[in-house]
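Student: I have a model open and would like to talk it through before I set anything up. Could you take my questions as they come?

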Amino acid sequence: MTFFHLSRQTLHTTVWLLCAWATSVAWAQDAPRVKLTTNAGDIVVEVYPDKAPKTAENFLQYVRDKHYDGTIFHRVIGNFMIQGGGYDQRYMERATRAPVVHEGREALAKGGPRNTVGTIAMARTNVPNSATSQFFINVADNGFLDPSPQQPGYTVFGRVVSGMEVVQRIKSAPTSSGGPFATDVPRTAIVIQSATLEK
């Protein structure tokens, strides 16, 4: 009787774990993916509308509008992050839509990812609700960027699922001044040639 009871309990636990695993796989399979084709190689990011719906849709609309095509990674800090999506090769800033509402705390509360290596988040000014088109990919675990009760932090809305070697290549690019920026600009332009929705 005890053996049978334990076996049923083990079976129930196993079934529950398999269901949870299948759900997480299905969630990842349903997530939209965007391919950033750059002159350093391709990066594919998975976007999580179920965690940060307004932020994810904001990013995806810029992709659909071809906003990112021809923009550069204009800020590269090798032990921190790589940032792009706002300027072309002449350092002309692209026109943007209205800022998106900050969803950092809400995304974390829904189980969204933190600012860890390979995650993608929206760049913004010191004003929380100021993010438009610029994004950054974390190349270090940047816990100090995470939302908390004390600070709004930065909204993570996806992660790199392919091309982390390209991200590593970009983060290692030699930098100097460029355009309006005094530091952290790759000496050889790293261009997003196209951003396309894969699914």
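Student: Where is the place of Lys-66?

Tutor: This is a predicted model, and in it Lys-66 sits in the loop between H2 and E3.

Student: Which loop holds Tyr-91, and what is its phi near?

Tutor: Tyr-91 belongs to the loop between E4 and H3, and its phi, near 65°, is likewise a positive value in a residue other than glycine. Tyr-91 is classed as partly exposed because its relative accessibility is 26%. As background, a negative phi is what most residues other than glycine have.

Student: Okay, zooming out. How many helices and strands does the protein have?

Tutor: There are four helices and 10 strands, and along the sequence they follow the pattern α-β-β-α-β-β-α-β-β-β-α-β-β-β. Buried residues make up 45% of the 199 residues, and among contacts with a separation of 6 or more, 69% are between residues 24 or more positions apart.

Student: Which way does E1 run against E10, and how many bridges join them?

Tutor: Strand E1 (residues 33–38) and strand E10 (residues 191–197) run antiparallel and are joined by five bridges, with Thr-38 standing opposite Ile-192 in E10. E10 is also joined to E3, again antiparallel, by two bridges, and there Thr-71 has Ile-192 as its bridge partner in E10.

Student: What about E8 and E9, how many residues lie between them?

Tutor: E8 and E9 form a hairpin with two residues between them, and Gly-179 in that turn has a positive phi of about 55°. The strands themselves, residues 175–178 for E8 and 181–186 for E9, run antiparallel with three bridges, and Ser-176 stands opposite Val-185 in E9.

Student: Going back to E3, why is Ile-77 called buried?

Tutor: Ile-77, which lies in strand E3 (residues 71–77), is called buried because its relative accessible area is 18%, and the cut-off for buried is under 20%.

Student: So what does Ile-77 touch, apart from its neighbours in sequence?

Tutor: Leaving aside residues within four places in sequence, Ile-77 is in contact with Val-139 and Asp-184. A further distance can be given for Asn-138, which is 61 residues from Ile-77 in sequence, with the two C-alpha atoms 9.8 Å apart in space.

Student: Which residues touch the most other members in the largest nonpolar core?

Tutor: In that core of 33 residues, Ile-43, Phe-59, Phe-135 and Ile-170 touch the most other members. The largest share of this core, five residues, is supplied by helix H2 (residues 53–64). There is also a second, separate core of eight residues, which includes Met-81, Ala-121, Ala-123 and Phe-136.

Student: Then what lines the second largest cavity?

Tutor: The second largest cavity, with a volume of about 40 Å³, has a lining that includes Leu-108, Arg-114, Asp-146 and Tyr-154. Helix H3 (residues 104–109) gives the most to this lining, three residues, and the classes come to six nonpolar, three polar and two charged.

Methods. Residues are numbered from 1 along each chain as its sequence is written. This is a predicted model: local features need pLDDT of at least 70, side-chain atom pairs count only at pLDDT 80 or more; totals for chains, interfaces and linings use all residues. Side-chain values use heavy atoms; hydrogens and water are left out. Two strands pair if DSSP finds at least two bridges between them. A nonpolar core is a set of buried Ala, Val, Leu, Ile, Met, Phe, Trp, Tyr and Cys residues joined through side-chain atoms within 4.5 Å. Buried means under 20% relative accessible area, exposed over 50%, partly exposed in between (1.4 Å probe, protein chains only). On a 1 Å grid over the protein atoms alone, a cavity is a set of points where a 1.4 Å probe fits but cannot get out, and a pocket is an open set with protein on both sides within 12 Å along at least five of seven lines; lining residues have an atom within 4 Å of a point. Grid points are joined across faces, edges and corners, and a volume is the space filled by probe spheres set on the points. Ala, Val, Leu, Ile, Met, Phe, Trp, Tyr, Cys and Pro count as nonpolar, Asp, Glu, Lys and Arg as charged, and the others, Gly among them, as polar. Contact means heavy atoms within 4.5 Å.
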